[in-house]
Amino acid sequence: MLGLGRKDTTLFAIVVLVTVLAPFLLNPFPADSAMAQFNSGYPDLMQRFAIYGIFAIGFNILFGLTGYLSFGHAAFLGVGSYSAVWMFKLLSMNVIPALILAVIVSAIFSVVIGFIALRRSGIYFSILTLAMAQMMYNLAYSVFSNPAMNLTNGETGLQVYASDPQYLKGNGPDVTHLFGLQMNSTYEMSVAGWKFDFGVGYYLCAVIMLVAFYIAIRIFRSPFGIMLRAVKSNQHRLNYTGVNPRPYNLAAFVISGMYAGLAGGLLACMDPLAGAERMQWTASGEVVIMTILGGAGTLVGPILGAGFIKYFENIFSKINENVLHSWFHWLPESVQNFVVHVLSPFFGEGWSLTMGLMFMAVVIFLPGGLVEGGLRIGRLFRRRPAPTPDAATKPAE
Amino acid sequence: MGILEVKGVNKRFGGLQALGDVNLSVQEETVHAIIGPNGAGKSTLLNCLVGKLIPDSGSVMFDGKSVLGRKPYEINQMGISRVFQTPEIFGDLTVMENVMIPCFAKRDGTFRLHALESVTHEKAIREQAESILAEVKMLEKKDFHSGTLSRGDKRRLEMAMCLVQQPKLLLLDEPTAGMARADTNNTIALLKDIKQRHKITMVIIEHDMHVVFSLAERITVLAQGTPLVEDTPENIKGHPKVREAYLGEAQV
Ligand SMILES: Nc1ncnc2c1ncn2[C@@H]1O[C@H](COP(=O)(O)OP(=O)(O)OP(=O)(O)O)[C@@H](O)[C@H]1O
Ligand SMILES: [Mg+2]
């Protein structure tokens, strides 16, 4: 279906289903139960799941397929955000022109940066991308925010002011919208103790993520995708087979840059503000971790990784000492204090410590990321009933 | 005029003269063997033909055009394919994908952005790939990860990857090294068959004299970077200079 094979169609259908039903699936606990703090079905957070999903899906096309590890992809995220906000300032709060410009501008930037960085491979490529992204961050932070040419509005961040021209606005809304459909409007549904939020913003992000995911599957299964995997496997052989790896690498780089720009544009559509910190190297590192955590080179890995990290960052980080105390209130006080004392570095502010430990565990024990973990568990269950004798000798797909 | 004309090629590595004034003329539709002791410069000569190395001086003409200064992929597109001394394949890809890549290269040139087409729908390419895999008797392994193959299978796969492009000139650097006797005989039979049916010109480097004398129509003996003699297999066998430089040592 849709030009996909059977397995891919199933996978895509599952992702569609999960994405559409996310407001239910992510709010499994009644709104005023103690477990409600683990609910993540808020429009704000779900939007971020989808947006960083797009970012990681695109990153995986470069890193997962060709093996070129970019440490500067946040630069394109930032470029996308700035472009989108400029469209809001100049035209109107409609998200379509914003997203289109975000993709175009990030494509242009990635052609230039990719062309330079791809002259080298391995660690030198990574360093070049890192250096250029940091350069862009610094330019955005200071150079391009002078009174003569204020492209980025420096430290404050670029935002929409009442004095902006907004030539096409007419009497359209003051908040971001899709032809009048406002991004921040939500429909709240209460069933017994449960509450579910359906936001326009989330569903826009979700639909775009699904399209981005679909395109990624097509790329993975295309001759172009095979060429990219061949680059990772043996670039030397590819040269002597009549294929010039350079344009393939550049194409992969630009495609992933455009995905990043799209994600950046969407961030601005959900909250029309763009700051330079979005381009910092920590943000570039985050997408690397998302991709590896979920499973580089796999289809759903990046989405899983993005979801995981954003969940930790937003939910796990809210579990402070008070919450821990309330969890262990049934223990004698001294024991309770001790337990909380031991656990607290891993919760709340310490979420990145837990994340780091998990990341290490995945890299060491599950080189294929969470996806490999899932496959192993799946195999465990499938083997039990009827262990087939030739299962071990079968080639991996 | 041969399809491949090498004239006065020199190549130095620091103080070492790897190739000294090499002249070689390979006629179309022949199998031309290059033999010589280890370190004679045989692989270096092939490297100069495929753009891996650029000679210090001399000229290399293929099909009437110079190959010097061209990139390896351009030279391949001109019609030269090469099997390396140590198998060079795409170890992370399946056998089938390994063979499809050269098919794409042949059809689409050095680059094409076929990012939304599906590999499963490439009927013609799949058929080409499957038929060459059948020829090298690897069809039943087409879904294997090529990295898991035996050394002999890797060599046959690499040969299939070159043959499927139907090159005008096929360069083989010790195609049977590390193969079991039976595999070697299969390879000889395969190459003979290919030669008859596809009329591909071949340059083959080989230490195994059984392979050389089964296949070659012309033989060039290289020693210390310089061709000693070039002749038919019959004459080479009895040549005193050759016995001295090479065959005596190889115990033929
Ligand atoms: N890239 C290089 N840099 C320096 N020296 C080299 C290089 N390539 C080859 N040589 C040297 O050039 C000489 C010829 O090497 P070459 O590999 O061409 O020999 P060969 O005839 O293929 O030998 P063999 O039968 O062992 O494969 C050797 O002495 C080798 O050490
Ligand atoms: Mg050699």
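**Figure 1. The salt bridge between Asp153(B) and Lys141(B) in the predicted model.** Asp153(B) and Lys141(B) form a salt bridge in which the closest N and O atoms are 2.6 Å apart. The structure shown here and in the following views is a predicted model. Asp153(B) belongs to helix H5 of chain B and Lys141(B) to the loop between helix H4 (123-135) and H5 of chain B, so the pair ties together parts that are 12 residues apart in sequence. The two partners fall into separate accessibility classes: Asp153(B) has a relative accessible area of 7% and is buried, whereas Lys141(B), with 23%, is partly exposed. Buried means under 20% relative accessible area, and the 7% of Asp153(B) therefore places this residue in the buried class.

Figure 2. The side chains of Asp193(B) and Arg197(B) meet in a salt bridge with an N to O distance of 3.1 Å. Both residues lie in helix H6 (residues 181-198) of chain B, and because they are 4 residues apart, about one helical turn separates them. Asp193(B) is partly exposed, with a relative accessible area of 29%, and Arg197(B) is likewise partly exposed, with 48%. The second pair is Glu217(B) and Lys195(B), which form a salt bridge with the closest N and O atoms 3.6 Å apart. This pair links distant parts of the chain, 22 residues apart: Lys195(B) is in helix H6 of chain B, while Glu217(B) is in the loop between helix H7 (209-215) and strand E9 (218-223) of chain B. Glu217(B) counts as partly exposed at 31% relative accessibility, and Lys195(B) counts as partly exposed at 23%.

**Figure 3. A network of salt bridges in chain B.** The residues linked in this network are Arg107(B), Asp108(B), Arg112(B), Glu117(B) and Glu122(B). Over all chains, the count comes to 25 salt bridges.

Figure 4. Two residues coordinate the magnesium ion, Ser43(B) through OG and Gln85(B) through OE1, at 1.9 to 2.3 Å. Ser43(B) is located in helix H1 (residues 42-49) of chain B and Gln85(B) in the loop between E6 and H3 of chain B, so the pair ties together parts that are 42 residues apart in sequence. Ser43(B) counts as partly exposed, at 21% relative accessibility. Gln85(B) is also partly exposed, its relative accessible area being 34%.

**Figure 5. The contact between chain B and chain A.** On the side of chain B, 40 residues take part in the contact, and chain A contributes 28 residues. The area buried between the two chains is about 3000 Å², and carbon and sulfur atoms give 64% of this area. Between chain B and chain A the count is 2 salt bridges. A salt bridge joins the side chains of Arg229(A) and Glu97(B), with an N to O distance of 2.9 Å. Helix H2 (72-78), strand E6 (80-83), helix H3 (95-108) and helix H5 (151-163) of chain B each supply at least two residues of the side that touches chain A. Among the contributors, H3(B) gives the most, with 5 residues. By class, the side of chain B that touches chain A has 20 nonpolar, 10 polar and 10 charged residues.

Figure 6. Most residues other than glycine have a negative phi. Gln166(B), a residue other than glycine, has a positive phi near 45 degrees. Gln166(B) is placed in the loop between H5 and strand E7 (169-173) of chain B. Gln224(B), which is not a glycine either, has a positive phi of about 50 degrees. The loop between E9 and strand E10 (226-231) of chain B holds Gln224(B). At 71% relative accessibility, Gln224(B) counts as exposed.

**Figure 7. The surroundings of Ser106(A).** Ser106(A) is part of helix H5 (residues 95-117) of chain A. With 0% relative accessibility, Ser106(A) counts as buried. Leaving aside residues up to four places away in sequence, Ser106(A) touches Phe76(A), Val79(A), Gly257(A), Met258(A) and Gly261(A).

Conventions. Residues are numbered from 1 along each chain as its sequence is written. Chains are lettered from A and ligands numbered from 1 in the order in which they are written. This is a predicted model: local features need pLDDT of at least 70, side-chain atom pairs count only at pLDDT 80 or more; totals for chains, interfaces and linings use all residues. Side-chain values use heavy atoms; hydrogens and water are left out. Contact means heavy atoms within 4.5 Å. Buried area is the accessible area (1.4 Å probe) that two parts lose on being put together, summed over both. A salt bridge is a side-chain nitrogen of Lys or Arg within 4 Å of a carboxyl oxygen of Asp or Glu. Ala, Val, Leu, Ile, Met, Phe, Trp, Tyr, Cys and Pro count as nonpolar, Asp, Glu, Lys and Arg as charged, and the others, Gly among them, as polar. Donors are N, O and S atoms within 2.8 Å of the metal (3.2 Å for Na, K and Ca); water is not among the atoms, so sites may look incomplete. Buried means under 20% relative accessible area, exposed over 50%, partly exposed in between (1.4 Å probe, protein chains only).
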